[in-house]
Amino acid sequence: MALASVSFEIDFTIDRTSRSRKAALSSLAQRIGSCRPDISPHDISNCLLAREKLGSTAIGSGVAAPHTIFKQSCPPLVQVTQLKYPIDFDASDGTPVDVLLSVVGNRHDLRWLHLALPRFAKLAEAPELAARLRAAKSASAVEDVLASVGIYSSRTLPNKAA
């Protein structure tokens, strides 16, 4: 399988309550846990927080890309979260984060990670694409934006209440 043929499950939500990085990552972990029921949200949260301690996952223009690798085998997942309250993620450009572009997958094949992170950077570098993510109101709208930078969906997860 070539990098270009990696496909992702895609999920979208709006976080209307988080007001800190820790709270946003915890909420993100809960959401990912609902998509990956074999992995505990507590473990996901710990992994996301540990990754954040290595250095901010903020990539600029109000976008952060929290990511982690699971021991368990599972399809790659891109989870896009719009934050109602922008949060300081120590971004190099100083812009508070209002969009989380999270990617998770398993350790047995890291092509998903090598494909997603550079494409996320393209989204952060293109203000019109970041604006489209902020304006998205559905998983299919998010899927269209991600496809424009080469991230394709194998399945869009049903949008559950956030």
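This is a predicted model: local features need pLDDT of at least 70, side-chain atom pairs count only at pLDDT 80 or more; totals for chains, interfaces and linings use all residues.
Leu 101 is located in strand 6, which comprises residues 97-106. Strand 6 is mostly covered, with 10 of its 10 residues buried. For Leu 101 the relative accessible area is 0%, and the residue is therefore classed as buried, the cut-off for this class being under 20%.

Strand 6 is paired with several other strands. Strand 5 (residues 77-87) runs antiparallel to strand 6 and is joined to it by seven bridges; within this pairing, Leu 77 has Val 104 as its bridge partner. Strand 4 (residues 67-70) is parallel to strand 6, with four bridges between them, and Phe 70 is partnered there by Asn 106. Strand 3 (residues 63-64) also runs parallel to strand 6, to which two bridges connect it. In strand 6, Val 99 stands opposite Val 63.

Beyond residues up to four places away in sequence, Leu 101 is in contact with Val 63, Ala 64, Ala 65, Pro 66, Gln 79, Val 80, Phe 120, Leu 123, Leu 133 and Leu 146. A separation of 11 Å was computed between the C-alpha atoms of Leu 101 and Arg 119, which are 18 residues apart along the chain.

One of the residues touched by Leu 101 is Leu 146, which belongs to the buried set of helix 5 (residues 139-147), together with Ala 139, Val 142 and Val 145.

How values were computed
Residues are numbered from 1 along each chain as its sequence is written. Side-chain values use heavy atoms; hydrogens and water are left out. Buried means under 20% relative accessible area, exposed over 50%, partly exposed in between (1.4 Å probe, protein chains only). Contact means heavy atoms within 4.5 Å. Two strands pair if DSSP finds at least two bridges between them.
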